[in-house]
Amino acid sequence: MAWPIILANATVPALGLVDTALIGNLGGVRDLGAIALATLIFNFVYWGFGFLRMGTTGFVAQARGAGDEAEVRAVLARALGIALAISVLLLLVRGPLGALALTLLHGSPEVEALTQRFFELRLWGAPASLATLAVRGTLIGLGLSRDLLLLELILNGLNLALNLTFVGALGWGAPGIAIGTACAEWLSLVFSLSLIALRLRARKRDEEAFWPWPRIRRGEALLALLRANGDIMLRTVLLLFGFAWFTDQSARFGDVALAANHVLLQFISFSAFFLDGYAFAAETLIGGAIGARVRSAFDDAVARSSELALASALLLAVGLYVLGPRAVDVLTDLPDVRATARALVPYSALYVLLAVGAFQLDGIFIGATRTRDMRNAAVLSTGTFVLAAHVLTGWDGNRGLWIAFLLFAVARALALGLRYPALRASI
């Protein structure tokens, strides 16, 4: 179940690596810095609404475990409706939103100007991107991991082809990345909606309508989804704030530090999406076990997925430590950025190893829809990181920032780990 999810997740940071390599070799420090700040903004804009994927997965998996296929379709419909409403709002406030984001960040005037242009172009893909999150959540909740892989390959394949055309062939720079990504999101949405409709029709055995409107409008279920989504949104925003703090503090040390840290974050992103494959599989199995009320299935899902995740994290960390300096040279030919990033590779490798516990526990709690615990853990870990960053950056600058970043990962795992016994006892 996990390997197609791993490959699907790995295509996302792989695309980020290609984009960074394109800009790092065909652009300059300002272009690379603009991509770093723009990525940060869209982490808030899109990942802040990641509950459209995570909340959908948990509720779909539990409905599947209970054998209620009509509820599976109702959960998807609610998620798509929420995605549409959010998209309209984002497009209506895109101007003030972009201006607000730039007032909170610290880049040079040239970098901020490029970031603003990138933001305005990329946001037109928001409706397609958010709707696709709901489809992804449904596929994961149903355990259709190979379909998820197919969807991601199509999305990122289109994105790669368009980015290579707009940046490599036409020389549009950072704005070319934004245009290519937005176009790919719309094209892939058409495919994803067709795919999920086909799969749900094949699973339909009940006598209710394909879109069971009485269920979709049911107040109790809608409130439960909104409550869980609210917790997940707050949790995600807090965690993204931690990454925003990291990038913002990087910019305070200059354009070279900002660009170098962004390069290293691509390695972390690649490893994180890889390890999340096991967490996604755990979401599916744990949600099904809870829906069916079988504790032994819950224990098996936790144990087996966690063992694989830990072994993979160790391999990834060692690989990054050994090959990281060479990978830095591939991603950028800027001498100052290379030197700074190579010196910090060991910190990024250690982050991968320490963060695996947080990723796994996220998957467990998402499958169980225990979103309040996730929200509280995010509050604790983000507060720990910001406090540590204030202290350690004054002590050792950018290296101190990386040490605080490591504490961020450890605090996330500890906060959720303390709540795990209560979760298991409730099944």
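## Close-up views of a predicted model

**View 1. Helix α12 has a span that agrees with its length.** Helix α12 covers residues 255-292. At 1.5 Å a residue, its 38 residues should span 56 Å, and the end C-alpha atoms lie 53 Å apart, which agrees. The expected span is 1.5 Å times one less than the number of residues in the helix. Helices (H or I, at least four residues) and strands (E, at least two) are DSSP runs, numbered from the N terminus. This is a predicted model, in which local features need pLDDT of at least 70, side-chain atom pairs count only at pLDDT 80 or more, and totals for chains, interfaces and linings use all residues. Residues are numbered from 1 along each chain as its sequence is written, and side-chain values use heavy atoms, with hydrogens and water left out.

α12 bends by about 30° at Gly277. The bend at a residue is the angle between axes fitted to the seven residues ending there and the seven starting there. Of the 38 residues of α12, 31 are buried, so the helix is largely enclosed by the rest of the structure. Buried means under 20% relative accessible area, exposed means over 50%, and partly exposed lies in between (1.4 Å probe, protein chains only).

**View 2. Arg293 follows α12.** Arg293 sits in the loop between α12 and α13. Its phi is near 60°, a positive value in a residue other than glycine. Arg293 is exposed, with a relative accessible area of 76%.

**View 3. Helix α13 has a kink at Leu323.** Helix α13 runs over residues 295-331. A straight helix of 37 residues would span 54 Å at 1.5 Å a residue. The end C-alpha atoms of α13 span only 46 Å. The kink is about 60° and lies shortly before the proline Pro325.

**View 4. Helix α11 has a span that agrees with its length.** Gly254 follows α11 and has a positive phi, near 110°.

**View 5. The second largest pocket has a volume of about 230 Å³.** The elements giving two or more residues to its lining are α3 (51-65), α4 (69-92) and α11 (219-252). Lining residues include Phe59, Gln62, Glu71, Arg78, Arg218 and Leu225. The lining divides into seven nonpolar, one polar and four charged residues. Ala, Val, Leu, Ile, Met, Phe, Trp, Tyr, Cys and Pro count as nonpolar, Asp, Glu, Lys and Arg as charged, and the others, Gly among them, as polar.

Pockets and cavities are found on a 1 Å grid over the protein atoms alone. A cavity is a set of points where a 1.4 Å probe fits but cannot get out. A pocket is an open set with protein on both sides within 12 Å along at least five of seven lines. Lining residues have an atom within 4 Å of a point. Grid points are joined across faces, edges and corners, and a volume is the space filled by probe spheres set on the points.

**View 6. Arg215 contacts Glu71.** Arg215 lies in helix α10 (residues 213-216). It is buried, with a relative accessible area of 16%. A polar contact of 3.2 Å joins the side chains of Arg215 and Glu71. Such a contact is a pair of N or O atoms within 3.5 Å; within protein, one must be able to donate a hydrogen and the other to accept it, and residues adjacent in sequence count only if both atoms are side-chain atoms. Glu71 is also one of the residues lining the second largest pocket.

**View 7. Arg53 contacts Glu283.** Arg53 belongs to helix α3. At 8% relative accessibility, Arg53 counts as buried. Its side chain makes a polar contact of 2.6 Å with the side chain of Glu283.

**View 8. The second largest cavity holds about 50 Å³ of space.** The whole structure has two cavities of 30 Å³ or more. α11, α15 (345-367) and α16 (371-417) each supply at least two residues of the lining of the second largest cavity. α16 gives the most, with six residues. Arg235, Asp362, Met374 and Arg412 are among the lining residues. The lining divides into six nonpolar, one polar and three charged residues.

**View 9. Thr369 lies in the loop between α15 and α16.** Thr369 has a positive phi of about 50° although it is not a glycine. At 22% relative accessibility, Thr369 counts as partly exposed.
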